[in-house]
2 protein chains.
Amino acid sequence: MAVQTVASTTHSVDLGPAAALSCRECGHRVPLGPVFACEECFGPLEIAYDFSGYDTEELRRRIEAGPASIWRYAPLLPVPADVAGKPNLNPGWTKLVKADNLARELGVTGGLYIKDDSGNPTHSFKDRVVAQALEAARAFGFTTLSCSSTGNLAGAVGAAAARAGFRSCVFIPHDLEQGKVVMAAIYGGELVGIEGNYDDVNRFCSELIGDPAGEGWGFVNVNLRPYYAEGSKTLAYEICEQLGWQLPDQIVVPIASGSQLTKIDKGLRELVELGLVEDRPYKIFGAQAEGCSPVSTAFKAGHDVVRPQKPNTIAKSLAIGNPADGPYVLDIARRTGGAVEDVTDEQVVDAIKLLARTEGVFAETAGGVTVGVTRKLIENGVLDPAKTTVVLNTGDGLKTLDAVAGTGLTATIRPTLDSFREAGLA
Amino acid sequence: MAVQTVASTTHSVDLGPAAALSCRECGHRVPLGPVFACEECFGPLEIAYDFSGYDTEELRRRIEAGPASIWRYAPLLPVPADVAGKPNLNPGWTKLVKADNLARELGVTGGLYIKDDSGNPTHSFKDRVVAQALEAARAFGFTTLSCSSTGNLAGAVGAAAARAGFRSCVFIPHDLEQGKVVMAAIYGGELVGIEGNYDDVNRFCSELIGDPAGEGWGFVNVNLRPYYAEGSKTLAYEICEQLGWQLPDQIVVPIASGSQLTKIDKGLRELVELGLVEDRPYKIFGAQAEGCSPVSTAFKAGHDVVRPQKPNTIAKSLAIGNPADGPYVLDIARRTGGAVEDVTDEQVVDAIKLLARTEGVFAETAGGVTVGVTRKLIENGVLDPAKTTVVLNTGDGLKTLDAVAGTGLTATIRPTLDSFREAGLA
């Protein structure tokens with residue numbers, strides 16, 4: 001994979017408290033720029049912040065008085081201070097649903113919550129990460145927003161680019177379902193089908209970044225990845241603020257690349273360091289589908305490395321067979337006393353129905369994975385039902401209707417009271 | 001249609017400031033109860049409030065400090081004061097999108113806003129009205145929530161009942177599209193297909209209400225309709241608060257039964273009467289699809305009565321050929337200096353694409369109707385582009401994908417830079 005130099009970043013950029021990029025492996029620091037891999041060791045770059053000078057209570061008041069979106073946390077994100085006034089989708093500040101009915105069914109007594117990210121503008125958590133990448137793209141002078149995607153991300157990038165006045169060019173496998181294609185195409189950007197699978201699409205995007213044809217292009221999940229990834233911290237911030245500035249005891253997070261889970265951990269630790277929440281132990285649990293469970297498999301085997309798998313599951317938004325952040329996820333699950341678990345596709349469907357029936361939340365398959373894993377972890381005695389537990393739903397059931405296509409009418413009758421009675425409905 | 005007596009309402013109910021039901025035609029008052037038609041003249045009953053004793057500035061502070069949902073307006077709705085603590089979907093407080101890109105395309109200089117109700121829990125404005133009906137159902141001791149529906153309402157009722165712990169039984173035409181059936185069925189309630197069209201479903205529900213089999217059933221859009229309808233007032237409240245406690249100059253509202261438009265007018269007038277906004281003229285515009293335009297046709301002909309039509313349009317959520325509140329809509333459009341206009345299905349699709357391309361908002365067909373009508377009204381010189389204008393999007397494009405099914409890939413290429421260049425994408 002081509003590694004860009006930082007030549008284009010000699011001008012200074014205003015991304016708020018973001019001070020530099022720092023290698024997660026060797027600690028090497030470089031100026032903020034559209035780069036994602038360390039020039040020394042090829043490790044992943046992430047944002048290093050300067051949070052010095054923040055007064056805890058003033059920061060808390062500022063957040064609480066902020067907008068009903070992720071921008072209430074602008075002082076903690078790689079974005080300029082005036083971000084809320086720029087054209088963007090203003091995602092986040094989604095509902096933390098107190099799931100008392102589900103808690104009863106699962107035997108949770110310590111408080112069970114669903115963080116429901118289907119309430120975002122394009123109905124998945126991807127709006128959070130794309131919003132960060134958009135600000136980085138603005139800062140670096142890019143005029144085209146791009147990505148490789150199989151669904152949620154394509155819609156999030158297309159919509160964000162439309163609102164912000166960027167050109168967009170999104171790459172997807174050419175044979176995606178019609179519904180996903182429509183969702184990605186409706187925002188009017190370029191939507192290019194690649195003859196090949198998702199791996200082929202990714203490989204092509206990496207080539208394009210190194211080519212003059214890709215100049216001026218911000219690939220949200222490639223050359224803007226360090227910024228993009230930070231968007232997931234906002235899930236941690238919101239959960240804690242919505243719990244009354246408290247850490248949850250346990251949190252169940254889906255694993256695709258693993259980035260979201262690592263950033264949620266980062267966000268929780270930042271809140272502790274900033275004094276916004278009281279420090280106390282918390283456990284992070286990772287959730288996968290059995291048909292794509294490389295991290296869960298490694299966790300159970302006690303391995304530090306993650307062996308790639310060929311995905312075969314209905315949970316397509318989590319179907320990354322070679323998750324880049326897998327090793328970090330293993331580390332976090334072990335360090336916090338959590339675990340990584342997986343469920344079958346049948347259990348995913350059951351969990352989608354369970355959540356809908358008990359709480360009126362229609363989750364996409366990824367939400368079925370987290371709810372299913374939560375149930376399994378309770379049954380196995382791994383997750384403590386007496387503790388406060390937050391389960392993430394990162395997407396919307398309307399986008400994965402096929403997974404529950406068997407759901408239907410309970411009866412068909414003629415429009416008469418007799419027919420109604422005959423059907424045993426009275 | 002059977003008219004229920006008020007026998008079941010001799011016990012007192014706590015629905016906050018709701019004082020009685022009052023006939024919109026003859027003014028006859030009856031106690032709060034599950035009735036919808038006047039026993040004197042068969043006119044529609046609506047809620048009469050007691051807002052006496054409210055101090056304007058105290059009320060404003062209370063609202064602003066309230067939850068990020070319709071329940072911030074609990075003092076102005078037929079619900080108990082502690083409604084936010086009861087299990088419900090907490091809808092509302094959706095985004096008012098400043099649509100600067102769309103404004104440029106349409107030539108609007110006075111400020112253009114999209115009130116985007118796709119952000120509601122089940123992604124349509126129906127969550128607002130169902131939430132009111134749910135509180136009425138609780139107050140009257142109903143244990144089953146029901147409705148006739150062809151789509152959005154079925155999902156909203158199913159989800160609300162699930163969260164609140166009610167049984168639900170929803171009636172739909174038996175031959176609806178699979179996607180809509182899944183959405184309505186996923187929440188686990190009874191979903192009954194009726195062999196017939198939507199009119200047959202409605203007729204059957206009216207019969208069921210008068211039958212012992214329907215005892216204990218709250219039909220949100222029939223015997224709970226006076227409460228249900230009030231939910232649309234919250235659109236008016238939110239728009240004004242989000243504009244900084246100001247009335248918009250112009251507002252474009254879709255017309256199905258016409259109830260929403262009449263309640264938005266009611267909400268605006270209440271805010272003026274309560275002193276929460278300064279009184280000044282505002283114009284309300286109604287929007288229909290040409291294939292179901294009974295109110296628009298009557299408006300243009302100068303008629304006071306609305307002649308029923310047989311609907312034939314892709315805007316199915318607006319396809320009510322005999323709109324109950326049509327005459328009231330005509331009255332409001334004329335009184336405020338507004339108008340009622342319609343657009344073709346082709347214009348609806350164009351408007352959906354226009355809104356998505358300019359603002360990253362993917363509207364359902366009803367949103368295409370309002371945006372399309374706004375464009376037409378500007379072109380015809382009826383809507384003043386120099387005035388502040390709010391356009392409603394009441395649903396989600398994910399629910400009406402078929403309408404824009406022609407949208408797709410802009411190119412298909414092999415995963416190589418050469419192929420990329422050949423396609424003219426570089």
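UniProt positions are given here in the numbering used for this structure, feature names are shortened, and annotations may be inferred rather than shown by experiment. With that in mind, an unreviewed UniProt entry carries the annotation "domain: Tryptophan synthase beta chain-like PALP", which covers residues 91-395 of chain A. The end C-alpha atoms of residues 91-395 of chain A lie 13 Å apart, and the span is 44% helix and 16% strand. Helices (H or I, at least four residues) and strands (E, at least two) are DSSP runs, numbered from the N terminus.

This is a predicted model, in which local features need pLDDT of at least 70 and side-chain atom pairs count only at pLDDT 80 or more, while totals for chains, interfaces and linings use all residues. Residues are numbered from 1 along each chain as its sequence is written, chains are lettered from A and ligands numbered from 1 in the order in which they are written, and side-chain values use heavy atoms, with hydrogens and water left out.

**Two chains and their contact**

The same surface serves both copies, since 100% of the contact residues of chain B recur in chain A.

Contact means heavy atoms within 4.5 Å. By that rule, 68 residues from chain B and 68 residues from chain A take part. The size of an interface is often given as the accessible area lost when the parts come together. Buried area is the accessible area (1.4 Å probe) that two parts lose on being put together, summed over both. Between chain B and chain A this area is about 5,700 Å², and carbon and sulfur atoms give 64% of it.

Four salt bridges (a side-chain nitrogen of Lys or Arg within 4 Å of a carboxyl oxygen of Asp or Glu) are counted between chain B and chain A. B:Arg163 takes part in a salt bridge with A:Glu359 (3.4 Å, N to O).

**Local features**

| Residue | Phi | Loop in chain A |
|---|---|---|
| A:Asn90 | about 50° | between helix H1 (56-64) and strand S4 (96-98) |
| A:His123 | about 70° | between strand S5 (112-116) and helix H3 (126-139) |

Buried means under 20% relative accessible area, exposed over 50%, and partly exposed in between (1.4 Å probe, protein chains only). A:Asn90 is partly exposed, because its relative accessible area is 21%. A:His123 has 3% relative accessibility and therefore counts as buried.

In chain B, an open sheet of three strands has the order S2-S1-S3, with antiparallel pairing. Two strands pair if DSSP finds at least two bridges between them. Strand S2 (29-30) and strand S3 (45-49) of chain B are the edge strands, each pairing on one side only. Strand S1 (residues 18-23) of chain B is joined to S3(B) by five bridges, and the two run antiparallel. B:Cys23 stands opposite B:Leu45 in S3(B).

B:Asp331 lies in helix H11 (residues 326-336) of chain B. With a relative accessible area of 46%, B:Asp331 is partly exposed. B:Phe299 is 32 residues away from B:Asp331 along the chain, and their C-alpha atoms are separated by 9.3 Å.
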